[in-house]
Amino acid sequence: MSSELPATPPNLRGHEEQAGATGTASGQASGSVALFSSPTTPAGNRRRVLLQDQYADAKDPDRKVRRETISLEVSPRVEVVQYHRLCNYLGLTEQRKIYDNAVGTLFDDLSEQMPVIGKDGLNYSPNIRDAAISSNLCDRIGKSIGKKERALTDHFAWLWEHMRMLSKPDVPGVKQQSPYSLIDYQTNMVPGTRLQPDGLFVHQGITLETFATAHVILEAKWATCENGLIEADLGQIGDYVLRIWTEQYTRTFVPVILLHGGNVSLMAFTRHEVYVAELGPLCVRQVMSQVTGRAKIANTLRKIWFILTLSTSAFGNICEVISDDSNLQFVTGSDVTQVERTADYSGNNVVQLEKRIDRPVKIFRRTSYMYRSIFAGRSAILKLSWTPTYCYPEGAGYRMIGEACNGYIPEVYLSGVLVKNAFGYRLEFLVLEDCGIPIDTYAVQCRNVGTRAEQFSATLAKSIKHVSECLAKAYAAGVLHRDISAGNIAIKDGQARLIDWGYSRARSDIDIPNLDEIERLFAFDNKTASKEERRHDSLTGTNLFMSVQMLMGSTERSLMHDLESLFFVGLYTLAKFQGSIGPKCDKLPLGFRAFASSVATIMMDSVLLSGSTGDAISSLLGWTYFAAWSISFYPQIFLNYKRKSVEGLSIDFLVYNVYGFSCYALFNTAFFFNKHIGDEYARRNDGHENLVRFNDLFFSYHALVLSLVTFAQSFYYKLGCSMIKYVPQAWLNYERKSTIGWSIHNIMLDFTGGTLSFAQLILDAVRSGNVTEALGNPVKFGMGLASIGFDLVFMAQHFVLYTDRYDPQDIEAQVRYQSAPLSYGSTDSSDVSTF
C-alpha cells in the first residue's frame, strides 16, 4: 500500500474542530437515507438487544460502559458519503474505474436468486427454494429458519460462497478469486476475547482466526435505514473495531460490511472519523419492481466483490496479514520504509517480537504499540506510533539530540516512517535499546528487598541529577521533552535513562544542525509544526507530574517546567518506596530531607548546563521576590490576631494597599491572558513580548487577598468588636425580662459619647465644606452609629419594657424600704427605686 493515501478528505481538521461534526456530508447521494439519522429502533428490536445484553454483560462486566463510551466518541464523527467518494478517500479510485469498466454483467444471474425481506425474516421464492432448503436457509414454505440478523448473516454467507464459485471474466481489473474466507461467529466468541461479531473475513493462509488477523468485519442489524441504528449498535461495532486497532498496529483504517434491513453499507473507521457509504440492496423489497430490484442487487454484489478481492495492503493494512509469522522485517528506502512479516530470524533489519507492553488504545486519536523484542541479538523495544501529522516525530527528536545526550537516552538501532499521511496521521517506528524498568517500579522492588532508605535516597538523587543533565543537554541541542513522568525514566543496572520523547518539540529560536535532512526523513516541517501543534493540542504531560503553571492552562513551555516535573517524580518515587501514596500518606517519605537538600544544586547545575542562564536567573529572581514580598504580609496579620487589636495601624495605609493591588492584579491578568493586548504590546514594541510572568500574576492576587484580610481585621477588631460586644447584654436583658443587676449609667454615658462623636464628625465635615468627608473615617463613623443604636435599645429595655426594680440580692435597698413610711394613699408595697 502507498505510504500516503491520495485524495485525503478535504474536511480533515483538528480534533477540537471536528468534535461537532454531523453525520451527513455534501457527498451523500441525493435521496439516500442517512444511516445514523435516528437513535431509535422498533420496540421488538430493542427487546432483542436487551435480552442479548443481559447474557453478554454477565460474561463481560465492562462491556456496557465501554460501548457507551465508544458510542459517544463515534457518533459525532460519522460522515455519510457516496461510494465513489469513499473509494477516492481510500486511494482506490483508479482500481475502481478499471474494475467498473471490465466487470460487465457479473452476478446478474445470481441476483435472480435473492429472497424477499419479510417482517422478521427472509422469504425464498420457489425458483430458489430447493437450493435454500439444501443449505438449511429456509423451511419447505420458503420462510428463513433464522430470524432477523441471523437470517441476513446466513444468507450473506451462502451468497458469498456462490460468488466465489462463479466464473469471472478473464479481464484486467477483475480477480477470479477472493483470498478471504468468512468465519461465522454468530454462536461462538472470537478466540481469546469475549466479543462476538456476526463474522470476520480472514485470509485463507491464516490458521489462527482472530481479531489480530481479521481483514473485514461483518455485522448485521435488522433495523432498516428508515429507523436508523441505535446507539448501542454503534457502540457494539466500534467495540469490534477497537479490538482490531488494538491487535493490528499497521492498520490505516478498519472496514466493516454492515447488513441492515436488507441493504449493505461499507463503513471505514479511520483514526480520525468514520465514513459510511451505501452499497445498495441485498434483498428484494415488496415495493421494488422485480427488474429494478434485481439490477440494483447485482450492482451491490459487484461492489462487494471488488472490496473483498483487494489485498490487505491495499485495503486497510500496510503489512500483508497472510500468515501467522510475527517477525517484522523493515526495508528502508529513499522515501519511506516498507515492512513485511517474515519467518526469518537472522535477516537484515529483522525484529523478533516477544512480548507486548500493555498500553491503552483508543478508537480515535494517537496510539503507540510497544513490544519487547530481539534485534541483531540484543534486547530491544519496538515502538510503532500513530501520531497526527502536525506533531513532531519521536525519531526526529532522537536524531536532534543523539550526540549531545549519548549515555542519557536509549540507543536508537533503527527508525523511520512507514506511513506519511493516512487521514491526518503518520506511522513511524523505532527500534530502541531496552533501558530496563520504570523508576517507580524500581522503587517498589527496592522496598521489597529491604533497601535502606538513605541508600535509596542517594540512588534516586543520582538518577534525578542524571536526568536533569539530560534535559539540559537536550534543551541546549534544541529539544524540549515535555512529558516527564515516572514511567518515562527507566533504570537498568543502576543507570537511569530518559525515554519516550514522543511529545517532545524542537525549539524554533536556535539553529538545529542537519534539520533539513531530519525533516525529509521523518516527513515533517519544523517551521509549521510548532504553530499547528499549538492550535490543536499544546498541553502535554502526565497530570500527576505536570508543573503548576501547566495545570493552570499555560501554553508556554520551558526547561524549568520539565525540571519541576522531575522534582515531582522524585517525591512520588520516594513515596512509592515508602509505600505511602495519595490520601493514605500521613508523613513525608523516608529520606525526604536527604533528597530535597540536593535538589536545588542539581536543578541549578542543569539550568546552567543548558545554556539558558538568563531565563533561569530571571525565573529564580521572580519567584524569590514573590516569596519575600508575599511573606511580608503575614506578620501584620498574625500581630493583629494576637493583640485582638489594630491600634497603631493606619486605616489609610490599608485602603491604599487594597486599591493598589486591585489595579496591579487587573493589569497582570490582562497582559498575561489577553492575546489581543499581548499582540498590541508586541506591535508597539518592535515585536517584543510583555514581561508579565506567572509569578507576577500569582503575587498580585496573593497580595490583594492578604490586604483584604488585614483590612477586614481593622473592621473586626474596631468596628466589629464594638458592635458585637453589645449583643450579649441586650439578649440577656430580653431573656430575663429585667435590667436588674446591670448599670444603666454606663449606657447613658456611652450614648453621650457616641452622640458627641457623631456630632463632631458631622460638624467637621460641614465646616470643611465637604460633607462626604464624614465617610473618610469609616471606622469612627460606624462606631458612632453602632454605639447610639445599641444605647437606644438598652434605654428602651430599662425605662420602657422592663421597669420592675425589685432586687432580692440588694439587702441595703430592702432595709431602706422596710423602714420608710408608706405614702398617703399608697397601696404599692414597693419603693420607688432610683436608677
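Here is a short walk through a few spots, one selection at a time.

Before you click, note that this is a predicted model, where local features need pLDDT of at least 70, side-chain atom pairs count only at pLDDT 80 or more, and totals for chains, interfaces and linings use all residues. Residues are numbered from 1 along each chain as its sequence is written, and side-chain values use heavy atoms, with hydrogens and water left out.

**Stop 1: helix H3.** Select residues 63-74, which make up helix H3. Helices here are DSSP runs of H or I with at least four residues, strands are E runs of at least two, and both are numbered from the N terminus. Now show side chains: Arg63, Arg67, Ile70, Ser71 and Val74 are buried (under 20% relative accessible area; exposed is over 50% and partly exposed in between, with a 1.4 Å probe and protein chains only). They sit on the same side of H3, because they cover an arc of only 100 degrees around the axis, taken from the directions from the helix axis to the C-beta atoms.

**Stop 2: Thr93.** Next, pick Thr93 in helix H5 (residues 93-103). Thr93 counts as buried because its relative accessibility is 16%. Leaving aside residues up to four places away in sequence, Thr93 touches Cys87 and Asn88 (contact means heavy atoms within 4.5 Å).

**Stop 3: two positive phi values.** Most residues other than glycine have a negative phi. Go to Arg365, in the loop between strands E12 (350-357) and E13 (367-375): its phi is near 75 degrees. Arg365 counts as partly exposed, at 34% relative accessibility. Then jump to Phe423, in the loop between E15 (412-422) and E16 (425-433), where phi is positive at about 55 degrees. Is Phe423 buried or exposed? At 2% relative accessibility, Phe423 counts as buried.

**Stop 4: a three-stranded sheet.** Select E17, E19 and E20: these 3 strands form an open antiparallel sheet in the order E17-E19-E20. Strands E17 (437-438) and E20 (495-498) are at the edges with a single partner strand each, so one side of each has no neighbour in the sheet. Zoom in where 2 bridges join E17 to E19 (residues 489-492) (strands pair if DSSP finds at least two bridges between them). Ile437 stands opposite Ile491 in E19.

Methods
Expected span 1.5 Å × (residues − 1).
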